[in-house]
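Subject: Structure for your files

Hello,

Here is the structure you are taking over. My notes follow below it.

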Amino acid sequence: MPKASSPNLDPGRTPEEPGSPAGQANGYALLALILLAALLIAMAIWVYVGARITDKREAAIANLLQSNGNLVIAHKEKVKAGLAHFEQILQSIADIANSPNAAPADARRRLNELLSSAQATTPELIALAVIDPDGGIRATTQASSALNVSGRDYFQRHREFRSIRADVGTPFTGALSGRWAIPITRRIESPEGNFEGVAYLSLDPTYFAQPFVNSQQGPRDSMVVLGEDGIIRAIRIGNSVLYGESVAQSPLLAEQRRAPTGWLRAGSPIDGDLKLVSYDSIPTYRLIVVVAKSETDLLAELRPAEQALRMQAAAVTALLILMAVTAIIALNAQRGRIRAESSARRNFQELAELGSDWHWRSDRHHRIDFVSHGLKKSLGVSIDGLLGLTAWESGGFGASAESGAQIQQAMLHFQPFLRVESSIRVNNTDTAYVLISGQSTWSAKGEFLGYQGVVTDITERKLAEINIQRLAMFDALTGLPNRRSLTQHLTHILTNCREQQASGALIFVDVDRFKDVNDTLGHEAGDDLLRMVAAALSSAIRADDVVSRIGGDEFVVVIGKLASDLNQAKQSVQRVIQKIRERMQALDLLRFRKLQISLSMGVCQFPLHNESPDDLLRDADTALYQSKSDGRNKVTFFEREMRELIQRRVTLEHDLAHALERGQMQVWVQSQYDTDAVASGAELLLRWSHPRDGMVPPSEFIPLSERSELIDQLGDWVIERAIETLASTEHLVARLPGLSVNVSPRQFDQSDFVERVLSRVRASSITPDRLTLEVTEGLLIDNLERTLEQLHQLAAAGIRISIDDFGTGYSSLRYLKSLPIHELKIDRCFVSEVPESLKDAAIVRSILSLARNLRLRVVAEGVETTRQAEFLRAHGCHSLQGYLFARPEPLQDWLVRQIH
């Protein structure tokens, strides 16, 4: 909002300007306000720090007391369990003493056996003994029994009091062993209740210290088993263990008599350190279990954090003082900065309108305050709707959420952002694609002024890229997803089914007798039929399901989100199949009536195990094969019994893994002839002579090898044979044509493929241009830059590059001009119908014309009739390959025929 104006006392200067009296008064008032705010904030910080330190200490003490209480309970239960065990031992000693006619030797033997058995679990036990009513030792496990204990406290207590409860005595030094020991005793009575002596065992005091070893947290923390008489049975302080000390005057005993369990803060009578003491009583045995933690150590642990808080408060206070001091400087510079910013912004706006891209600028709060008119001219976007918004807010540039977040992160950290791609809605109907760039601007004194940048319209280029991607993922004829897209969708839906415990189904659909349609009505009718089938399949499924054309007349329908029960899901699939049949019956198939158009289907339900997309396609294909074997126009659900068909594939794949090393693989050759019927080249073909099945067709074993790494090994082997053949006939170069070898995309994708080929060529000393490597257009879909680099390396070395099956794959003229190729091979699918098929003839003529203009050699595959050969020669085809001229033959036979 503009400020209200006041009388202008100084001509040429407004009251708001820094040099005016009003401006100076406002500056001083603002300075005083800043100083007062800094002081109040500093006071609040120090009060807060003091409260935080107090809270942290209280919380630490509370946590420590809770931990102590848990330790006391745990060790109390362990001590009680141990004493219960000793009660059983004392009972056994009493039983020995009460045994009728128990001779001293027999009693001693039984005591030794009892001690040996007890020491297996309690090695701290020292000795066992039976004491007579007069204090003499009747039997003992020690070497000497010439001792009278009638004067001992425990003996006096047991003789005077009728109780068979065990008594835990005070530690003493044994007269015979010289070791510290704790006596644990009980009264022995006759059946009439008369005093018959004492059952005795002695125990190493460390037994009561052992439970505390793993619980110590500091060198001054202690764990104690204390008698109510004030005598310590065992105490562990750090790694030291003491016995027998008297703490009868300790405040702990007075507190324990008042409350059997609890805690207190007291100085230790052992080391004088102030402790937080937790305790609990075992009244049955007149014992107290104690855990004492050093409060000094606790406060020492808290001291670094407290010091850090104080240092932070001091740093903030210093910063506040610094800010207050610099405030007056900022006030003096503010007016000059505003004038400079205003001038810079005017210059930026003037220059921005001159450029082809449209420009934008934001203030120091990241809000857009200028957009050039180029935006409205090129995209029709309203400028007024952008002003005042941040560059990442909805509508700021109309940018997508992802792009907006990227811009926001850069601007909030004052970082430049370059060519951020985003989409913009234009007129609420169309979509434009832009690249957004921006960088921060700063004053000469390093003050942040805002951002400025440009936006470039890339809609035309982006739409072209989208179209290229669509061609790579969708079938050009039907518009349906292709095999590559289908594989991605299957991977996704398999994951969802496993996570959501649902099921799905894959329906492999094949048009029966489709070849008859092409043969009788022509390829145009076949294409129309495929589009009609695609429409029927698409209309029979739900929006979330997918129909894909994976080649020829083969379609795949993927149905998801079915019931987890496969029988129930099967019924849903059958309803979809019935709907497909109804849609097919509704088609206008009048022109195909003589051919009885129908569909065969194979169904595979999933998931059953850990199937991959290839597994599902394989199983559904197996079921489809069964449908066709049953007479077509059938639906077959995949069953495990169908695995016999798959078993052959598995067997072949297993045999294929060893075929090369067993000498079963053979290299055959098919010659190529120029227009004068002179041999102009030859293609090496791989054949498999199986010892059981005979010659296995390449169409059967090549796909098997491509599903594994075998294609790499087989491909390398064929290349080696080609180079060896060329090397052995190098002296016949004038008579022997060059050789072509197919290279699979998987083989070509090996990281060291180019290096290995070149090293073999160099080692063989052959003329490189006698070797031609045939690659398919599929190589250009992924990793285009890397593929181009590898092809250029091969071509630079003199090796010829041929595009095999040209026209059936990813035929992009944009990339064709970048390829270092020497030859195009026309696929047999275009040659087989010429010259009768006008479409195929037109395609072949176009390829030959394209090759002629690009100066590329052309080889036509599958030439089987004289009419085909004459047509190709008439239109400039350089080389012909097919059964009309030569059938494939073994390499050795071919060599003999070529030489002789």
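How many bridges join strand E8 to E9? There are 3 of them, between residues 232–237 of E8 and its partner, and the two strands run antiparallel. Strands (E, at least two residues) and helices (H or I, at least four) are DSSP runs, numbered from the N terminus.

Before the rest, some conventions. This is a predicted model, in which local features need pLDDT of at least 70 and side-chain atom pairs count only at pLDDT 80 or more, while totals for chains, interfaces and linings use all residues. Residues are numbered from 1 along each chain as its sequence is written, and side-chain values use heavy atoms, with hydrogens and water left out.

The chain as a whole

The secondary structure comes to 25 helices and 32 strands. Of the 900 residues, 46% count as buried (buried is under 20% relative accessible area, exposed over 50%, partly exposed in between, with a 1.4 Å probe and protein chains only). Taking contacts (heavy atoms within 4.5 Å) between residues at least 6 apart in sequence, 59% join residues at least 24 apart.

The sheet around E8

E8 belongs to an open sheet of 6 strands with antiparallel pairing, in the order E9-E8-E7-E12-E11-E10. Two strands pair if DSSP finds at least two bridges between them. The edges are E9 (240–242) and E10 (261–267); each has a single partner strand, so one side of each is left without a neighbour in the sheet. On average, neighbouring strands are turned by 20° against each other, direction ignored. Helix H5 (residues 251–258) packs on this sheet and touches E7 (222–227), E10, E11 (274–282) and E12 (287–294). The direction of H5 makes about 40° with that of E11. Axes here are lines fitted to C-alpha atoms, for helices over the stretch in contact, and angles run from 0 to 180 degrees between N-to-C directions.

A helix pair

H19 (residues 753–764) and H20 (residues 784–796) pack at about 5°, with their axes 10 Å apart. The two helices are therefore roughly parallel to each other (angles under 35 degrees count as roughly parallel, over 145 as roughly antiparallel, 65 to 115 as roughly perpendicular and the rest as oblique). H19 contributes Phe753, Val754, Val757 and Leu758 to the contact, and H20 contributes Gln790, Gln793 and Leu794.

Ser879

Ser879 is in strand E31 (residues 879–880). Its relative accessibility is 0%, so Ser879 counts as buried. Leaving out residues up to four places away in sequence, Ser879 touches Gln672, Tyr673, Asp674, Ser680, Arg857, Val858, Val859 and Ala860. With Arg857 there is also a side-chain polar contact of 3.2 Å (a pair of N or O atoms within 3.5 Å; within protein, one must be able to donate a hydrogen and the other to accept it, and residues adjacent in sequence count only if both atoms are side-chain atoms).

Backbone points to check by eye

- Phe606 and Pro607 are joined by a cis peptide bond, omega about -10°; Pro607 lies in the loop between E21 (599–606) and H14 (613–629).
- Val834 and Pro835 are joined by a cis peptide bond, omega about 0°; Pro835 is in the loop between H22 (828–831) and H23 (838–854).
- Gln501 is not a glycine but has a positive phi of about 50°; Gln501 is exposed, with a relative accessible area of 67%.
- Lys561, in strand E20 (residues 554–562), is not a glycine either and has a positive phi of about 55°.

Regards
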